[in-house]
Structure formats: C-alpha cells, structure tokens
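Student: I have a model open and want to talk it through. Can we start with the terms?

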Amino acid sequence: MVGEILGQIDRLDHIVRDLLAFARPTIPTRRSIDVVEGLWRAWSMVVHAGSPVGGRFVLDVAGPVPVEADPELLQQVWLHLFQNAVEAMPQGGELRVRTVPGPLVQVEICDSGVGISQDHLANVFKPFHTTKTRGTGLGLPISRKIVEEHGGSIRIGPGAAGGTTVVVELPR
C-alpha cells in the first residue's frame with residue numbers, strides 16, 4: 001500500500017515537471033558540445049534507469065559532432081526519444097542512431113518497434129496526445145520546443161524497415 005502511494009506521488013511529480021517544462025519559456029545556454037557524447041550519455045541513462053532494454057543499440061558515427069547547444073536541454077530531447085523507442089520495442093529490437101554532419105547536423109533515431117499509425121502521426125507533437133497508459137503526452141512537444149529553440153527542426157515518420165524514424169536537425 002505504501003509502495004503504491006509512493007509510486008503515484010512519483011508519477012504526479014513527473015506530470016507536474018513535464019507541465020512546467022512545456023509551459024515555461026527556456027533560453028538555451030549554448031556552448032560547444034559533442035552531440036555523440038550526449039547521445040551516449042542519454043543511452044546510458046536509459047539503460048541504468050531500469051528501462052526494459054532488449055536488443056541492440058547501434059551508434060553509427062564517424063567521430064565527434066560539435067554543435068553550439070545547451071547540453072542539458074539536448075539531453076532531455078535524447079532521453080525522450082530513446083525512451084519512446086525502447087517502449088515501442090517491448091520484445092526487443094534494434095535502435096540505430098546515425099549522425100550526419102553538415103551545415104545542419106542531422107541525428108537520425110530509427111527503431112524496429114511497432115511504429116506509429118497514420119492516425120497518430122499527425123498528432124504526435126500535440127500536447128497531451130498519447131497512446132500510452134502512463135504517459136503525459138508532453139515528451140515530444142517538449143522535445144520539439146527545445147529543438148526549435150536551438151534553431152533546429154524535428155520530424156517523425158515511418159522507418160524504412162518498419163518501426164519509427166525521428167530526424168533531428170541542429171545548426172552547427
């Protein structure tokens with residue numbers, strides 16, 4: 001009984017934090033960071049948080065990818081996207097992350113999960129839209145807000161071999 005109450009308090013705390021993150025204006029504190037290092041750190045946090053991670057994590061990069069960005073805010077984006085991917089692969093699968101350097105740094109996150117139906121695809125960035133029983137529907141809207149505050153863009157679509165592909169573009 002006490003454990004259940006504490007679990008619900010933790011869930012409410014998470015919801016309030018998401019609401020505040022979505023509602024409050026954020027001003028990125030930019031500095032030179034390596035996107036690849038941030039991706040590894042976020043993946044490590046997902047694994048160590050006890051998420052049911054089955055399958056493979058593949059990071060396809062050719063070395064450091066520097067950008068001027070707020071490391072904490074971008075970390076939040078990677079965490080949201082990785083957590084969504086892991087939850088979309090309850091039986092395990094492959095999460096492939098690829099960086100493409102250029103004037104706009106591209107980060108492609110592809111999972112082999114269940115994918116997103118066309119009905120839901122149009123609404124994924126709408127606040128409070130969720131298909132999860134325990135989600136707030138704010139992870140993707142918050143991620144989009146953060147990426148756009150960095151002058152970038154984010155888009156989501158079906159993966160080439162099933163699953164979902166998320167592409168984040170950030171200016172160098």
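Tutor: Buried means under 20% relative accessible area, exposed over 50%, and partly exposed in between, with a 1.4 Å probe and protein chains only. By that rule Ala122 is exposed, with a relative accessible area of 63%. This is a predicted model, in which local features need pLDDT of at least 70, side-chain atom pairs count only at pLDDT 80 or more, and totals for chains, interfaces and linings use all residues. Residues are numbered from 1 along each chain as its sequence is written, and side-chain values use heavy atoms, with hydrogens and water left out.

Student: Where does Ala122 lie?

Tutor: In the loop between helix H4 (118-121) and H5. Helices (H or I, at least four residues) and strands (E, at least two) are DSSP runs, numbered from the N terminus. The C-alpha atom of Ala122 is separated by 9.7 Å from that of Gly157, 35 residues apart from Ala122 along the chain.

Student: How many helices and strands does the protein have?

Tutor: Five helices and seven strands. Along the sequence the pattern reads α-β-α-β-β-α-β-β-α-α-β-β. Of the 172 residues, 41% count as buried.

Student: What is the mean pLDDT of the protein?

Tutor: The mean is 83, and 82% of the residues reach 70 or more. pLDDT is the predictor's confidence in each residue, from 0 to 100.

Student: Which elements have the lowest and highest mean pLDDT?

Tutor: H1 has the lowest, at 64, and strand E7 (residues 164-171) the highest, at 95.

Student: Switching to H3. What should its 17 residues span?

Tutor: The expected span of a helix is 1.5 Å times one less than its number of residues. For H3 (residues 71-87) that gives 24 Å, and the end C-alpha atoms are 24 Å apart, which agrees.

Student: Which residue caps the N-terminal end of H3?

Tutor: Asp70 does, with a side-chain oxygen 3.0 Å from the backbone nitrogen of Glu72. That is a polar contact, meaning a pair of N or O atoms within 3.5 Å; within protein, one must be able to donate a hydrogen and the other to accept it, and residues adjacent in sequence count only if both atoms are side-chain atoms.

Student: And which residues of H3 are buried?

Tutor: They include Leu73, Leu74, Val77, Trp78, Leu81 and Phe82, and also Gln75 and His80.

Student: Now H5. Is it mostly covered or mostly open?

Tutor: Mostly covered, with eight of its eleven residues buried. Among them are Leu140, Ile142, Ile146 and Val147, along with Lys145. Just after H5, Gly151 takes a positive phi of about 80°.

Student: How many salt bridges does the structure hold?

Tutor: Five. A salt bridge is a side-chain nitrogen of Lys or Arg within 4 Å of a carboxyl oxygen of Asp or Glu. One of them joins Arg144 to Glu148, the closest N and O atoms being 3.3 Å apart. Both residues lie in helix H5 (residues 139-149), four residues apart, about one turn of the helix. Arg144 is partly exposed at 34% relative accessible area, and Glu148 is partly exposed at 44%.

Student: What about the salt bridge of Glu37 and Arg41?

Tutor: Their side chains meet at 2.6 Å, N to O. The two are four residues apart in helix H2 (residues 35-48), so about one helical turn separates them. Glu37 counts as partly exposed at 45% relative accessibility, as does Arg41 at 38%.

Student: Which residue does Glu169 meet in a salt bridge?

Tutor: Arg155, at 3.7 Å, N to O. Glu169 lies in strand E7 and Arg155 in strand E6 (residues 153-158), so the pair ties together parts that are 14 residues apart in sequence.

Student: Is Glu169 buried or exposed?

Tutor: Buried, with a relative accessible area of 17%. Arg155 counts as partly exposed at 42% relative accessibility. The side chain of Glu169 also makes a polar contact of 2.9 Å with that of Gln106.
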